[in-house]
Amino acid sequence: MALQGPIPVTFPMAFPHGCYIVGEVEPVKDFDASSGGRFVQARDKQTAELVWQVAVMDGDPTLKPAQKTVAVKILAPVQPVPPQPMPGLPFTPVEFDGMSITPYVNAAGRLAYSIKVREMHAPRQLNQPAQSKASAGKDAA
């Protein structure tokens, strides 16, 4: 089979209704290397990058409450900074680039997914000015 390891996906494939930060960006603990009260941060097995984690809420209205919050692991040399909160919104919208998903069977025997990303940023439609249809892709004369 051609697919081995993490499966590359796009943000719209994973979160078609968007997602929102509901926790802090925190380092992921390497449980094998940490001992005696000494914290060692996990590194990704494929890239050796430091691993950070943030909880996000999926914007899909059809999900059950227990399925809405997922952990997203961010591979980065320094702690990623979340986008600025949006005025009037209870949660901060976020998008991710360089996404991959690794399916696995969890302790309850159910299919689950580990989500890893390379970048976190504000949603593009919120931080880019809109172009009118008449001028999109055309030079002004």
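Predicted model: local features only at pLDDT ≥ 70, side-chain atom pairs only at ≥ 80, totals over all residues.
Residues are numbered from 1 along each chain as its sequence is written, and side-chain values use heavy atoms, with hydrogens and water left out.

**The chain**

The secondary structure of the chain comes to three helices and nine strands, which run β-α-β-β-β-α-β-β-β-β-β-α from the N terminus on; helices (H or I, at least four residues) and strands (E, at least two) are DSSP runs, numbered from the N terminus. Of the 141 residues of the chain, 31% count as buried, that is, under 20% relative accessible area with a 1.4 Å probe and protein chains only.

**Paired strands**

Strands pair if DSSP finds at least two bridges between them. Strand β7 pairs in the antiparallel sense with β1 (residues 7-9) over three bridges, and Pro8 stands opposite Ser100 in β7. With β8, strand β7 also pairs in the antiparallel sense, over six bridges, and here Tyr104 stands opposite Ala112 in β8. The hairpin of β7 and β8 has five residues between the strands, and Gly109 takes a positive phi near 80 degrees in it.

**The two pockets**

A pocket is an open set of points on a 1 Å grid over the protein atoms alone, where a 1.4 Å probe fits, with protein on both sides within 12 Å along at least five of seven lines, and its lining residues have an atom within 4 Å of a point. Grid points are joined across faces, edges and corners, and a volume is the space filled by probe spheres set on the points.

| Pocket | Volume |
|---|---|
| Largest pocket | about 640 Å³ |
| Second largest pocket | about 410 Å³ |

Of the 17 residues that line the second largest pocket, Arg43, Asp44, Lys45, Lys73 and Lys116 are the closest to its centre, and this lining has five nonpolar, four polar and eight charged residues. In the largest pocket, the largest share of the lining, five residues, comes from β8, and the elements that each supply at least two residues include α1 (11-14), α2 (65-68) and β5 (69-75).

Notes
Nonpolar A, V, L, I, M, F, W, Y, C, P; charged D, E, K, R; others polar. Buried < 20%, exposed > 50% of the residue type's maximum accessible area, 1.4 Å probe, protein only.
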